[in-house]
Each structure stands twice: as C-alpha cells, then as structure tokens.
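Student: I've got a structure open and I'd like to learn how to read it. Can we go through it together?

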Amino acid sequence: MNHNYENYVKHLQKISDLNHSGAVLTWDQEVNMPEKGAQFRARQLATLAGISHEMFTSEDFGMLLQKLSIDQTLTFEESKNVEESYRIYKRDKKFSIQFIEERSIAISNAFTAWANAKEESNFSLFEPYLKKVVENVRQESIIIGFENHPYDAMLELYEPGMTTKELDQIFEQAKAKLIPLLQKIKQAKQVDDSFMYKQYDTEKQWNFGLDLLKQMHYDFDAGRQDISSHPFTINFNPLDVRITTRINEKDLAEMLWSTVHECGHALYEQGLKVENYGLPSGEATSLAMHESQSRLWENNVGRSYAYWKCNYAALHEIFPKNLLMITVKDFYKAMNKVQASLIRTSADELTYHFHVIIRYEIEKDLIAGNIQVADLPAVWNKKYKDYLGVDVPNDREGVLQDVHWSHGSFGYFPTYSLGSFYAVQFFNKANQEIENLEGHISKGNMLPLLNWLRTNVHCYGKTYSASELCEKITGEKLNIDHFINYAYKKYSEIYELSSQYEPISS
Ligand SMILES: [Zn+2]
C-alpha cells in the first residue's frame, strides 16, 4: 500500500476509535447510566469530540489529504475514500472554534428549554432559545455555502447531493398523488385495529421480538438488544452493532415496529466491510440510505401479508385471548391501518410523509427568513389542518413533539421520507432479481433478501453517493412513482377502493 495512504488510514482509524468510544458512552447513557451521571458524561463526550475534531482538521492531515487527492496511483475505492474525507475536511475547516463552541452552547440550552417547554406544553418557553439556534443554522448555511437555497447547505450535512429543488419536485408529486388517495381511504370502510391495544405481557413481547430478530439474521454475536425510551441503533464497529426497543403493554405495535425497524438499520451496519473500519467506505452512505434499510424491513417486509402468513401463528399462540377470532388477514389489515394523526413517530406508512412535508416546508421557510420562530405554532397548526385535517390541541402534541430543532438538526427530516421512497424502489428490484421472494418471506427465509442487500447496498459504504448507488442498483435515479404505485396497489386492496388505479410509468 502507498505510504501516504497507509498514514491516512491509520489516522482515520484512530479518529474512529475516539468517535466510537464516544458512542459506547452514548449507548451507556441511554441504556444504563444513573441519572446523576449525566453531568460528567456530557463533559466526557465533549472532550472526546473535541480531540477528534482537532485530529481531523489538523494542518498535517490537510496536507496529507491534499497530496493524496492528486495521487494517481490510488485504486478506485482508495481515491473515493480520500475524496470524501477531503470534502468533509474542507467543510469542517471553515468553522472557527468560536462558532463551534457558541453553537454547542446554544444547542445545549435549547435542548433543556425544549424538554421543559414540551413538559409544560408551552412553546413560548422554547422560543428565545430556538431563535438563537436558527440564527446559528442560518450562519452555518452561509459558512458551508450554497448556490440556490440556504437549505441546500443543510441538506449537504445529511444527504450529500440532494437539493431543495429536487426535494420540492419529489414532495410536490407526493402531495399531488397521495392527497387524493388519503381522501379515498377516509371515505372507505375503516379497518379495525382495536385488538392491538389490549393487554400484551411485556416479557412475552420481548421474547417474540427476539425471535423476529433471529429470523432476520441479526447477528447476536456482533450485537445485543436492550430497552430504551427512544429506540435506536448504534454501532461501534461492524462487529458490535446494538439496538434498543420499547415495549408498551397496551400497544403491541410499538415493540413490533421499533424492533424490525432498528434491526434493518443494524443489518446495514453489520454488513459494512470490517476491513474498511474508520474509512468512508466503511460508513453508511447517507441518512436516507440508512433509513431505506430500516424501512424496507419495516414496511416492505414487516407490513406485508407474506411476513404475517409466516409469523402470525406464533404470535397467536403467545396471545390467544387477545387475538381470538382475528385472522391473519385481519391482522395484516390492522398493521396497515391509515389514519391521520398528530404524532409523526406513530404515524402509518402513508400519512407519515405529510408529517415530513410539513416540517420540510417550515424548515425551508425558516432558514430563508420567510417565517420567524414566533410564527411556528400558528404555521404548524394550519399545515396540520390543511394536509391531515387534524386540529392540534396543544404545543406538546404539535410543534414541540420532535427533538430535532433543539439539536439544530435542520435538513434531517426529509431523509426519513427519502428512505421510504428508496426502500420501495430497492424492494421492487430485489423482487425482480430474487426468484419467488414473496415465497421465501412467507416461509420465514429472509436470507435471499439479506444477501441481496449485502451485495447491492451494504458492502459499498460511502464509495458511492446515495444517488449513484440507487442508479447502480436500479438503473435509474430515485423515482417516487415506485412508492406511489406501491401505495395505491396496497391500500386499494386493503380498503377495497372501487376505482381502478392505473400505475404511473414515467
Ligand atoms: Zn430509522
């Protein structure tokens, strides 16, 4: 191996050691840490992050990257790694220590204020702190730089290559096609899911969840599952990828979907190449690509009839009383019930995207200065009425429900929807390439699909951008028609919608 490249790898892997040590502390904080530990934990995490930032933005490393960026002897994958590191290096270098510290303080204050405001259900307690964060984000977009819209700079942080212009088109199409579908569903005979909210024993749920994880080939020798209030996936390296779930005795759906969803994320991380540890090629492509993996398993597999044809008998055996008289078809329908609601995280597969579109439109206007922080509750409530037809009763269940803005994470929400759209496009392709995929799923044989994802998505890391990878796998760029056709077909069957639907092809 080229001597400079060897030094580059060593340096990045050391930084990765620091970052992932921080991740272990974060995991511990969410899963195990006693309450009083919070004060020093925040400091320890900040110290590690500071050292990591210094190492990454050092002049020496910059010079090494500069040399490697014009080195013609590197392989394709090596030069892609260098290109990506250099891109991040140049971006991170633009931020002064003063700006980073100011932002960190603003975020930390905003987070505390948000938690308090949510508890009190009073946006005005959050408003001055969010104002400061938004000022920071506006500044950040100027520092990063953009051509057309300041929001593009924020998208670059989470979904490199995605632009406001492209997102506008995607979401306009989503609105144009999905609003009429929602209307039809509203007028149709409604699905009964009341049995989901009976008493479901916690331990029995936990054990059933473990069986689902095993069926998906989550590697328990390279991970573990725990309980946390907000389910998440965290990786320390491809051989230690942990997930958490949440169990609600009165709502079976919470454990089911958090388990399958987080396992989808974890399978991606477990599928990254061990030898690429610390390098861009050893990291997930983008947030939307990550979300495509969790949602493919959650929605395209987990909410399919084939999946429950396989798993329902076992669930029925565990909860015979609750599921008495409920057939697998009833269960499948309940899993796919569509109902406009207030809370994004518990929304169904279809109305979910309106929660995202609302946030996207608000964020864009906020960053551009078209609306002000003080306008947020009114704008929020109006959009919920317009798009979902629901009245927002209070700030807690409205504008204060998500933590993201207090973290300064503007530009993050769209990746959730993009993930779902990629998921359908990938699943369709897998369905073409794997013989009798549905048959395999209905027998609980998830290996053909997992292997397909391993070889088509997981193994590349950041060697390709999300959009390049999508084109490489499916032969076209992200195309929302796949999602729209999927939604029309699925819900027309479930809700027995009378009018024939003509699939779109463009
Ligand atoms: Zn996710």
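Student: Which residue in β3 does isoleucine 234 stand opposite?

Tutor: Isoleucine 234 stands opposite arginine 242 in β3. Before we go on, this is a predicted model, where local features need pLDDT of at least 70, side-chain atom pairs count only at pLDDT 80 or more, and totals for chains, interfaces and linings use all residues. Residues are numbered from 1 along each chain as its sequence is written.

Student: How do strands of a sheet pair?

Tutor: Through backbone hydrogen bonds, either parallel or antiparallel. Here, two strands count as paired if DSSP finds at least two bridges between them. Three strands form an open sheet in the order β1-β3-β2, with mixed pairing. At its edges are β1 (225–227) and β2 (233–237), each pairing on one side only.

Student: Which way do the paired strands run, parallel or antiparallel?

Tutor: β1 and β3 (residues 240–245) run parallel, joined by three bridges, and aspartate 226 stands opposite threonine 244 in β3. β2 and β3 run antiparallel, with four bridges, and a hairpin of two residues joins them.

Student: How many residues of β3 are buried?

Tutor: A residue is buried if 20 or more other C-beta atoms lie within 10 Å of its own, exposed if 12 or fewer, and partly exposed in between, with C-beta atoms placed from the backbone. Five of the six residues of β3 are buried, so to speak "mostly covered".

Student: And helices: which residues point the same way?

Tutor: An α-helix has 3.6 residues a turn, so residues three or four places apart point the same way. Now look at α6 (residues 127–144). Its buried residues include Tyr129, Val133, Asn136 and Glu140. Seen down the axis of α6, the buried residues fall within an arc of 160 degrees (taken from the directions from the helix axis to the C-beta atoms), so they line one face of the helix.

Student: What do the buried residues of α6 pack against?

Tutor: They pack against α5 (97–120), α7 (150–158) and α14 (352–368); contact needs C-beta atoms, placed from the backbone, to lie within 7 Å.

Conventions
Expected span 1.5 Å × (residues − 1). Contact = placed C-beta atoms within 7 Å.
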